[in-house]
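Good morning, and thank you for joining this meeting.

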Amino acid sequence: MNKPKTVVVGITGGIAAYKIAELVSRLYKNGFNVQVVMTKHATRFITPLTLRTLSNNPVLVDMFDESGTHRVQHIGVAEEADILVIAPATANIIAKMACGIADDLLSTIVLATRAPVLLAPSMNTNMYDHPATQDNIRKLKDRGVTILEPAEGELACGVTGRGRLPEIETIYDKIIDVLEDRPRDLVNKTILVTAGATQEDIDPVRFITNHSTGKMGYALAAAAVRRGARVFLVSGPTYLTVPDGVESRQVRSAREMNDICHELFGQVDVVIGAAAVADYRPLDYSDEKLKKNDNDMVIKLTRNPDILEGLGKRKQHQILVGFAAETSDVIQNARQKMQKKNLDLLVANDLTVEGAGFAGDTNIVTLLFKDGREEKLPLMSKLEVAGVILDAVLELF
Ligand code: CTP
């Protein structure tokens, strides 16, 4: 097994510091070695004990603390880092970095490391917009530091504006992105990804849907576009943001999703069906809201088109990839699906295993190839799973 990558997470003294507990926990759960370094001010916002527990590593605060694991603490940590992430990054640490000031453990590690550095600034809008901060940010960008744009919204100080810490998911994905440094090996390929749940209307106010969040499909779209592919994302309703560079088509019902997929099919090289498409819809749609009475109600359902199966029948040069979410006889059921839908690759997940399937940020899958090969993968983030699926697709070309 490869040695786990080390993510050094620097936390500075901003109110958003408490949110970093979630980032640390997610990094640890996804197999990273997480080394937290806090400034003294940061310890006023969240305790080192919380972060030590979540990272499973001692938290470093003091430059001259001798309990650490390295002979020369700041140099050891700086050399061990595969990436240094500072979140939240205050105006102060940004200014110190721009000037090369090293007056505490974190700022000293910043100077000593040769690892890529990622900053997630978070502060009051006026402080962020101040020409001094903006100059410093520009300087750091010119030196190759990756800086995430703060989000807009209500800030802890009561003001509404730019300055919120980006979503933890955004920071996490950026870390993976920087660490992966993947080749642009999908240039000239067009990939269609379906994602999310469909909604099947019963009447103007009610519909049938399922628990899919769309995370796996969006991760695939993001990963493919980063590797240079042209990506169409046909998605059911989700709260996720469409990744930069992806051409998205938002739909609600299985039939709408089916129509768009068939329309785009001629232009694409790969279809990845990550959507949880409703297999049935109400047979009769009521234009008016259904009224209740004292009796039970029966809603008759009728079959929806199977999108992948339909595309499988039209397949020429295209590579078709499907997902199978199973709760029993995982591999056997998945193999049957693969044959029925004429798929080249099937990503099977066992919903009974913790960490797999809907809603979470992780997945545990087995890749099944048409030639009978099987590749069982460990617990990975959905973005990592996306990377492995795209590697497998590339192999099939
Ligand atoms: N799929 C599709 N169109 C449908 C249903 C599913 O394209 N109407 C795709 C999904 O995107 C996924 C795969 O087919 O890639 C899932 O196959 P399916 O047989 O529908 O799996 P389940 O919904 O788990 O079906 P079953 O209830 O038969 O286990």
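I begin with the ligand, which sits in the second largest pocket. A pocket here is an open set of points on a 1 Å grid over the protein atoms alone, with protein on both sides within 12 Å along at least five of seven lines. A molecule sits in a pocket if more than half of its atoms lie within 2 Å of its grid points.

This is a predicted model, in which local features need pLDDT of at least 70, side-chain atom pairs count only at pLDDT 80 or more, and totals for chains, interfaces and linings use all residues. Residues are numbered from 1 along each chain as its sequence is written, and side-chain values use heavy atoms, with hydrogens and water left out.

Which residues come nearest to the ligand? Of the 13 around it, they are G273, A275, F323, K337 and K341; a residue counts as near if one of its heavy atoms lies within 4 Å. By class, this shell has 7 nonpolar, 2 polar and 4 charged residues. At least two shell residues come from each of α11 (307–314), β16 (319–326) and α12 (330–341), and β16 supplies the largest share, 3 residues. Helices (H or I, at least four residues) and strands (E, at least two) are DSSP runs, numbered from the N terminus.

I turn to polar contacts, pairs of N or O atoms within 3.5 Å. One nitrogen atom of the ligand is 3.5 Å from a side-chain N or O atom of D306. A ligand nitrogen is also 2.9 Å from a polar backbone atom of I307, and a ligand oxygen is 2.9 Å from a backbone N or O atom of L308. On its own the ligand has 580 Å² of accessible area, of which the protein covers 73%, by the Shrake-Rupley method with a 1.4 Å probe.

The largest pocket holds about 1,000 Å³ of space, a volume being the space filled by probe spheres set on the grid points. Its lining has 30 residues, and E169, T170, D173, T241 and P243 are the closest to its centre. Helix α8 gives the most to this lining, 7 residues.

Finally, I note two backbone features. Most residues other than glycine have a negative phi, and most peptide bonds are trans. The peptide bond from A87 to P88 is cis, with omega near -10°, and P88 lies in strand β3 (residues 83–89). N188, which is not a glycine, has a positive phi of about 75°.

Conventions
Polar contact = N/O pair within 3.5 Å; in protein donor to acceptor, adjacent residues only side chain to side chain. 1 Å grid on protein atoms, 1.4 Å probe; cavity = no way out; pocket = protein on both sides within 12 Å on 5 of 7 lines; lining within 4 Å. Nonpolar A, V, L, I, M, F, W, Y, C, P; charged D, E, K, R; others polar.
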